[in-house]
Amino acid sequence: MDTKIKQIDENSLILAKDIILCGGVVGIPTETVYGIGANAFDTAAVESIFKIKGRPNDNPLIVHVHKDYDILTLVKDIPDYAKLLAKAFLPGPLTMVYKSRGKVSEAVSCGLDTLAIRIPSHEGAQNFLKFVNLPIAAPSANVSKHVSPTSAEHVFNDLNGKIELILDGGKCVGGIESTVLDCTGKIPVILRSGLITRDMIAQVAGDCREYVYKEGARALSPGMKYKHYSPNCRTLMFFHEEIEKAVKEYNDELAKGVKAYILCDDNTAKLINVENVLNLGSTDNEIASNLYSKLREGEKIAELIIAVAPEKQDGVMVGVMNRLSKACAQGK
Ligand code: TXA
Ligand code: MG
């Protein structure tokens with residue numbers, strides 16, 4: 001199968017809809033990362049997503065809908081705080097988990113009685129979702145465990161030959177995946193941190209907790225237990241306080257003939273002043289936006305990426321640190 005990349009226009013939307021209605025899978029842009037989407041009512045189509053990505057079959061998918069879709073046909077028991085959050089942040093990078101009505105294929109939620117719903121703000125994503133007018137199950141469009149894609153080219157690099165069409169909506173400005181929020185309890189609980197931060201949620205909902213996954217415990221959001229977002233080269237990670245150690249490691253590796261690069265924010269880059277730098281930029285949003293493209297750039301040129309965590313650890317940086325530590329994690 002040849003994978004085509006097409007700008008989003010009437011013709012490519014017609015093609016995309018045809019593919020979806022025939023049980024196929026389409027690469028789609030969102031404001032966070034690119035996804036690969038299939039009709040959430042079609043079990044075979046949803047199962048093919050897991051095959052294409054090599055995704056573990058206990059890691060549920062998010063369903064994407066356009067902003068006027070009646071989500072009450074898919075989920076129930078929406079608490080008042082969730083209505084306030086939806087008003088404040090949707091369309092946008094916030095995925096909300098509710099009790100499912102069991103209308104979409106069981107393959108979407110991998111047997112859980114909940115369903116994660118996302119209404120992306122990306123204009124191209126909205127146009128596509130409106131045009132197909134179906135709930136679209138879509139994980140990030142990377143091969144499982146690899147770095148998430150933030151451009152159509154990234155999707156092509158991972159999935160060329162495995163999907164028919166990628167809708168090109170440019171570079172994703174958000175850069176890290178949506179915040180996943182459990183809205184089935186009295187208080188919202190963040191299952192995966194992202195651009196909509198705990199403070200932002202607490203301000204609207206009154207309170208917000210953050211779920212911390214402990215090894216061996218039942219995962220509320222099964223995706224959290226896997227190594228993830230990882231470049232295809234060796235990685236090491238250092239906390240900001242360990243800058244000197246990181247630079248020593250870099251110099252030792254260079255001396256051994258290893259092509260090492262330091263991945264860090266602009267402030268750190270100025271402090272360490274080494275030659276091989278993958279610079280993530282300065283502001284929180286810039287760092288989030290560049291994280292995956294720099295990891296993908298790094299794996300092409302480096303044998304070893306040495307990541308130095310940003311000094312700031314709150315707000316959007318919680319999500320960045322979560323991705324960075326998983327990208328650099330050893331193990332499965
Ligand atoms: O920004 C995003 O959310 C991107 C774009 C494409 O929309 N999508 C994305 O999907 O990141 P994926 O499949 O890579 O991550 C989905 C996350 C996983 O951690 C999964 O465990 C969690 O959402 N999830 C999905 N359904 C869930 C559910 N019913 N309950 C708890 N967690 C759920
Ligand atoms: Mg993913």
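This is a predicted model: local features need pLDDT of at least 70, side-chain atom pairs count only at pLDDT 80 or more; totals for chains, interfaces and linings use all residues.
User: How many residues surround ligand 1, and which class supplies 14 of them?

Analyst: The residues closest to ligand 1 include T32, N59, H64, R118 and S178, and they belong to a shell of 27 residues around that ligand. Sorted by class, this shell holds nine polar and four charged residues, while the class that supplies 14 residues is nonpolar.

User: How much of the area that ligand 1 exposes when taken alone does the protein bury?

Analyst: Several polar side chains approach oxygen atoms of ligand 1, among them that of T32, with an N or O atom at 2.6 Å, and that of R55, with a polar atom at 2.8 Å. A polar side-chain atom of S178 lies 2.5 Å from an oxygen atom of the ligand. Taken alone, ligand 1 exposes 680 Å², and the share of this that the protein buries is 97%.

User: Which strand gives the largest share of the shell around ligand 1?

Analyst: At least two shell residues come from each of β4 (62–64), β7 (114–118) and β11 (189–192). The largest share amounts to three residues, and the strand that supplies them is β7.

User: Are α6 and α10 oblique or roughly parallel to each other?

Analyst: Helix α6 covers residues 152–159 and helix α10 covers residues 284–301, and their axes come within 11 Å of each other. The crossing of α6 past α10 is left-handed. The axes cross at roughly 50°, and roughly parallel would require an angle under 35 degrees, so the relation of α6 to α10 is oblique.

User: How is α10 oriented relative to α11, roughly parallel or roughly antiparallel?

Analyst: The axis of α10 and that of α11, the helix of residues 316–327, come within 9 Å, and the two helices make a left-handed crossing. Their axes cross at roughly 20°, which means that the orientation of α10 to α11 is roughly parallel.

User: Which form, cis or trans, does the peptide bond from L90 to P91 take?

Analyst: P91 sits in the loop that runs between α3 (80–89) and β6 (94–100). The omega angle of the bond that joins L90 to P91 is near -5°, and the form of this peptide bond is cis.

User: What is the phi of D77, and where does D77 lie?

Analyst: D77 is not a glycine, yet its phi is positive, at about 55°. As for its place in the chain, D77 belongs to the loop between β5 (75–76) and α3.

Methods: Residues are numbered from 1 along each chain as its sequence is written. Chains are lettered from A and ligands numbered from 1 in the order in which they are written. Side-chain values use heavy atoms; hydrogens and water are left out. A residue is near a molecule or strand if one of its heavy atoms lies within 4 Å of it. A polar contact is a pair of N or O atoms within 3.5 Å; within protein, one must be able to donate a hydrogen and the other to accept it, and residues adjacent in sequence count only if both atoms are side-chain atoms. Accessible areas come from the Shrake-Rupley method with a 1.4 Å probe; for residues, only the protein chains shown count as cover. Helices (H or I, at least four residues) and strands (E, at least two) are DSSP runs, numbered from the N terminus. Ala, Val, Leu, Ile, Met, Phe, Trp, Tyr, Cys and Pro count as nonpolar, Asp, Glu, Lys and Arg as charged, and the others, Gly among them, as polar. Axes are lines fitted to C-alpha atoms, for helices over the stretch in contact, and angles run from 0 to 180 degrees between N-to-C directions. Angles under 35 degrees count as roughly parallel, over 145 as roughly antiparallel, 65 to 115 as roughly perpendicular and the rest as oblique. A crossing is left-handed if the near helix is turned anticlockwise from the far one by less than a right angle, and right-handed if clockwise.
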